[in-house]
Amino acid sequence: GMKKLMVHPINLLYRYLIGKNIILVYLKEKNKTINGKIIGFDEYMNIVLSEAVAKNKEVEKIKNLILVKGNQISELSKNFS
């Protein structure tokens with residue numbers, strides 16, 4: 001039969017870190033996203049992003065380095081745009 005492999009969230013973050021992928025983070029706060037490259041994270045899913053751009057509705061703010069608290073994140077994915 002087929003083996004099902006479990007992907008741990010931390011392993012996914014590690015993959016993004018190693019691949020230097022630009023990721024898109026959706027925050028629980030309405031209409032707020034941040035994208036950037038993961039340069040660090042911990043077991044609480046707090047993540048450090050470099051080259052970060054925070055978007056709130058139509059306002060873009062460039063934040064070179066940003067710490068995003070894990071409990072503020074609603075969704076996280078690779079940014080394909």
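**Note on the predicted model**

1. Thr33 is buried, having a relative accessible area of 17%, because the cut-off for that class is under 20%. The residue sits in strand β2. Apart from residues up to four places away in sequence, Thr33 touches Leu24, Val25, Tyr26, Val53, Ala54 and Lys55. This and every other value in the note refers to a predicted model.

2. The overall layout comes next. The protein has one helix and five strands, and along the sequence these follow the pattern α-β-β-β-β-β. Taken along the principal axes, the C-alpha atoms fill a box of roughly 50 × 25 × 25 Å.

3. On burial and surface: of the 81 residues in the protein, 31% are buried. The accessible surface comes to about 6,200 Å², and carbon and sulfur atoms account for 55% of that surface.

4. On contacts: among those in the protein with a separation of 6 or more, 42% are between residues 24 or more positions apart.

5. Ser50 lies in strand β3. Leaving out neighbours within four places in sequence, Ser50 is in contact with Gly36, Lys37, Ile39, Asn64 and Leu65. One of these, Lys37, is in strand β2 and is partly exposed, at a relative accessible area of 22%.

6. On charge: the protein carries 14 positive and 7 negative side chains. The centres of the two sets lie 5 Å apart. Side chains of opposite charge can pair when their charged atoms come close. In this model the count of salt bridges comes to two.

7. Which side chain meets that of Glu51 in a salt bridge? The partner is Lys37, with an N to O distance of 3.7 Å. Glu51 belongs to strand β3 and Lys37 to strand β2, so this pair ties together parts that are 14 residues apart in sequence.

8. The other pair is formed by Glu60 and Lys55, whose closest N and O atoms are 3.6 Å apart. Lys55 is partly exposed, with a relative accessible area of 36%. Lys55 is also one of the residues that Thr33 touches.

9. Two backbone angles deserve a check. Most residues other than glycine have a negative phi. Asn31 is not a glycine, yet its phi is positive, at about 60°. Asn31 is found in the loop between β1 (22-27) and β2 (32-41).

10. Met45 is the other case: its phi is about 65°, again positive in a residue that is not a glycine. Where does Met45 lie? Its place is in the loop between β2 and β3 (47-56). Is Met45 buried, exposed or partly exposed? At 27% relative accessibility, Met45 counts as partly exposed, because that class runs between the 20% and 50% limits.

11. The salt bridge of Glu51 with Lys37 joins strand β3 to strand β2, and Met45 has its place in the loop between β2 and β3.

Notes
Residues are numbered from 1 along each chain as its sequence is written. This is a predicted model: local features need pLDDT of at least 70, side-chain atom pairs count only at pLDDT 80 or more; totals for chains, interfaces and linings use all residues. Side-chain values use heavy atoms; hydrogens and water are left out. Helices (H or I, at least four residues) and strands (E, at least two) are DSSP runs, numbered from the N terminus. Buried means under 20% relative accessible area, exposed over 50%, partly exposed in between (1.4 Å probe, protein chains only). Contact means heavy atoms within 4.5 Å. Accessible areas come from the Shrake-Rupley method with a 1.4 Å probe; for residues, only the protein chains shown count as cover. Lys and Arg count as positive and Asp and Glu as negative; His and the chain ends are not counted. The place of a charge is taken as NZ of Lys, CZ of Arg, CG of Asp or CD of Glu. A salt bridge is a side-chain nitrogen of Lys or Arg within 4 Å of a carboxyl oxygen of Asp or Glu.
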